[in-house]
Structures are given as C-alpha cells and as structure tokens.
Amino acid sequence: MSASNPAVYWRTMNLLHHRYCRSDGWRRAVHLGMMPWVLRDVNLGANVLEIDPELASSLKRRLGGTNVTVAEGDATQLSFPDASFDSAVCFTMLHHVPSRELQDRLLTEACRVLKPGGLFLGSDSTSSFRFRLFHLFDTCVPIEPRGFGKRLAAAGFGDIEIEMRPEYNTLKFCARKA
C-alpha cells in the first residue's frame, strides 16, 4: 500500500534521490543494515502489510502466481477490513507522506487493519543538513523522534519502542495494536 497514488509518490522525489533509491548501494544498505536491524527477533506472522508502492510493484512482478496477494492503494484510506493483518511494516517512506496529518492518518489506518496484538514496525530517516540537501524539491516531512511515540499512541498503539541510530540519522519503531 502506498501513502498516496503510486505514480504521484515517485514524483515527490527529485531525480538524484530517485536514482539513489534504485541503486545497488541503497539496496545493500537496506538489506544488510536497515532490515536486519528493524526485523531482528520479530515474527511478522502470515499476513503482512507493506506500506511502500515501489516494493508493491516489484513484488507483484516477482511473486505473480504464488500464494502472495499484492494490492496497491492509498495507505491513508486502506480498503481492507478491520483486523486483516498480523503485522504492518514501512521502511524509509513516512517522510514522503505530504503532511503530518496524512502521516497520522496512515498510522491510524495501519492500526485499524491490524489484528489485536499485531505489530507495526519500520524505520525512517531523521532530519539533518545532509538529509535536507538530499531532499531538495522533494516532498519531505521528517518524523520528529521525540514526538513520534505520542503519535503512535494517539493512533491506537501501545508497547511502543523507538530506537535511534544518530550516526545514521535513522530511527526504528515497533508498536503493538492495543
């Protein structure tokens, strides 16, 4: 599920940013650093919601004809019934949701479609001079780590954990649907 129409999502990124996100360097950083850090010791369950349009398109191509169902849509207005998923994940995309209000709607929708006790986890970059330069002319609404736990709680989550990696200007979060 995307945070907005998938075609519009990528137009929110400048050319340099878009190119970097498709690079082998970024792929290695995600697969060798970010995902193991965020998903360590986590059982996602059988039904997982991934909130990222690029990944959804890639999965649809790669996993056609398998037991995986790939659906794309607006993550602020999910078409799934309540309590449909065991977990939901999102990696480095929340800052591309065009406003704090839409980010909060996405958090609320993620909570709504999770089963009781379901996990919502992911990561995002935090603001820095380099981050801001890299996002020139992008849609970029950085997540403020100090207030993010309260936003997750307001969306209906409990057991909230937020961990920072200041050397990478990155945070990870894990929250459980109450």
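Modeller: The cover over the buried residues of helix α3 includes strands β2, β3 (114-125), β4 and β5. Contact here means heavy atoms within 4.5 Å. Helices (H or I, at least four residues) and strands (E, at least two) are DSSP runs, numbered from the N terminus. This is a predicted model: local features need pLDDT of at least 70, side-chain atom pairs count only at pLDDT 80 or more, and totals for chains, interfaces and linings use all residues. Residues are numbered from 1 along each chain as its sequence is written, and side-chain values use heavy atoms, with hydrogens and water left out.

In α3, the buried residues include V30, M34, W37 and V38. Buried means under 20% relative accessible area, exposed over 50%, partly exposed in between (1.4 Å probe, protein chains only). Helix α3 spans residues 24-39, 16 residues in total. From first C-alpha to last it reaches 21 Å, close to the 22 Å expected at 1.5 Å a residue. That expected span is 1.5 Å times one less than the number of residues. V30 is also where α3 bends, by about 35°. The bend is the angle between axes fitted to the seven residues ending there and the seven starting there. Just after α3, D41 takes a positive phi of about 60°.

Now the charged pairs. A salt bridge is a side-chain nitrogen of Lys or Arg within 4 Å of a carboxyl oxygen of Asp or Glu. By this rule the count is seven.

One of them joins R112 to D82, with the closest N and O atoms 2.7 Å apart. R112 sits in helix α5 (residues 100-113), and D82 in the loop between α4 (53-62) and β2 (85-91). The two are 30 residues apart, so this pair links distant parts of the chain. R112 is partly exposed at 23% relative accessibility. D82 is exposed, at 54%.

R151 and D104 form another salt bridge, 2.7 Å from N to O. R151 lies in helix α7 (residues 145-154) and D104 in α5, so the pair ties together parts 47 residues apart in sequence. R151 is buried, with a relative accessible area of 8%. D104 is partly exposed at 26%.

D159 pairs with R176, the closest N and O atoms being 3.9 Å apart. D159 is in strand β4 (residues 157-165) and R176 in strand β5 (residues 170-177), 17 residues apart. D159 is exposed at 59% relative accessibility, while R176 is partly exposed at 35%. Finally, salt bridges with shared partners join D82, E109 and R112 into one network.
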